[in-house]
Amino acid sequence: MTGTINLDNAFYPDLSQRQAVIAGGTGDVGEGIVRAWLKTGAQVIVPTRTDGRAEQFKDVLSDLGQPENLHIVTGHYGSFDDAQALAARITGQYGQVTDVVASIGGWWQGKPLWDVSPEEWQRYFVDMTTAHAAMARAWIPHLPQTGSYQLILGGSAVEPVPGASIISMQQAALLMMRRVLSVEAGESNRIAAQILGPVVTRARKRIDPDWVTNEEVGLVSAGIAADPAVTDADYVSYNKAQMLETLQKLAVYPG
Ligand SMILES: NC(=O)c1ccc[n+]([C@@H]2O[C@H](COP(=O)([O-])OP(=O)(O)OC[C@H]3O[C@@H](n4cnc5c(N)ncnc54)[C@H](OP(=O)(O)O)[C@@H]3O)[C@@H](O)[C@H]2O)c1
């Protein structure tokens, strides 16, 4: 069944007392998350590794003018030390961060595992997994209990995709990271993930009407942040019908 979602009807929660870091916010899915969070009134901080990407991202959001709640910070977080230093710099400059959404890394596909090169393994498994772990360890001890730490993952975390072994293994590892973090943090932190099918983004040449959009993903992340009861949860939205259910469950869309 195809669900219909019109975000003009959505209930964006008031997150004006919150300050979120959207890691990977310059990316295809991240753009929608940033747009959704800006609609909530939150302060939105987007780290990016290069000044060039920062400028590109400002162009991408040029339809919003110059949103005063958006702060783009150039810095690396690909190692434990870099992420720790970046977190300290962001907190020093902007004050306490309440929420972190990690939408880090992209897609890779093309050959069976036995043909994967060391460089591909390093880039798509080691580097991306390390960036996620580095951000989690840099931020989680400093987030308030009312805040949230969220991961954006794909369905390859649970369904093997032929020719995409590295990403499937990496996403599965990150899903387990989410679950381990939850049991380790207990009641101290709210940790959740979204597990998504293909997402409609500006990079897509072909779009299926049953795919979820990056702004819907963003609204779910705002809904997770807004609901203090949400913790230790994975929201699965492979298609519009599941996304509609997720949005309604989080009370950010009419039921
Ligand atoms: N696109 C989809 O259809 C889709 C579907 C389901 C799930 N997802 C999930 O959504 C998440 C984001 O995917 P995406 O498609 O938005 O990716 P993307 O467009 O490639 O963006 C990835 C972002 O991650 C940041 N990044 C930081 N360290 C990185 C590293 N070592 N390598 C690559 N990027 C790094 C980049 O930021 P800077 O370059 O600015 O530093 C970039 O903004 C992933 O977990 C993916 O599995 C995506």
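1. A word on the model first. This is a predicted model, in which local features need pLDDT of at least 70 and side-chain atom pairs count only at pLDDT 80 or more, while totals for chains, interfaces and linings use all residues. Residues are numbered from 1 along each chain as its sequence is written.

2. Start with the sheet. Seven strands build an open sheet with parallel pairing, in the order β3-β2-β1-β4-β5-β6-β9. The edges belong to β3 (70-74) and β9 (233-237); each has a single partner strand, so one side of each is left without a neighbour in the sheet. On average, neighbouring strands are turned by 20° against each other, direction ignored. Strands (E, at least two residues) and helices (H or I, at least four) are DSSP runs, numbered from the N terminus. Two strands pair if DSSP finds at least two bridges between them.

3. Now look at one pair of strands. β1 (residues 19-23) and β2 (residues 43-48) run parallel and are joined by three bridges. Valine 21 stands opposite isoleucine 45 in β2.

4. Next, a helix pair. Helix α3 (residues 80-94) packs against α4 at an angle of about 45°, with the axes 8 Å apart (axes are lines fitted to C-alpha atoms, for helices over the stretch in contact, and angles run from 0 to 180 degrees between N-to-C directions). That makes α3 oblique to α4 (under 35 degrees is roughly parallel, over 145 roughly antiparallel, 65 to 115 roughly perpendicular, the rest oblique). Among the residues making the contact are Phe80 of α3 and Trp139 of α4 (C-beta atoms, placed from the backbone, within 7 Å).

5. Finally, compare another pair. The axes of α6 (residues 214-226) and α7 (residues 240-249) come within 9 Å and cross at roughly 25°. That makes α6 roughly parallel to α7. Glu216, Leu219, Val220 and Gly223 in α6 meet Met243, Thr246 and Leu247 in α7.

Terms used. Contact = placed C-beta atoms within 7 Å.
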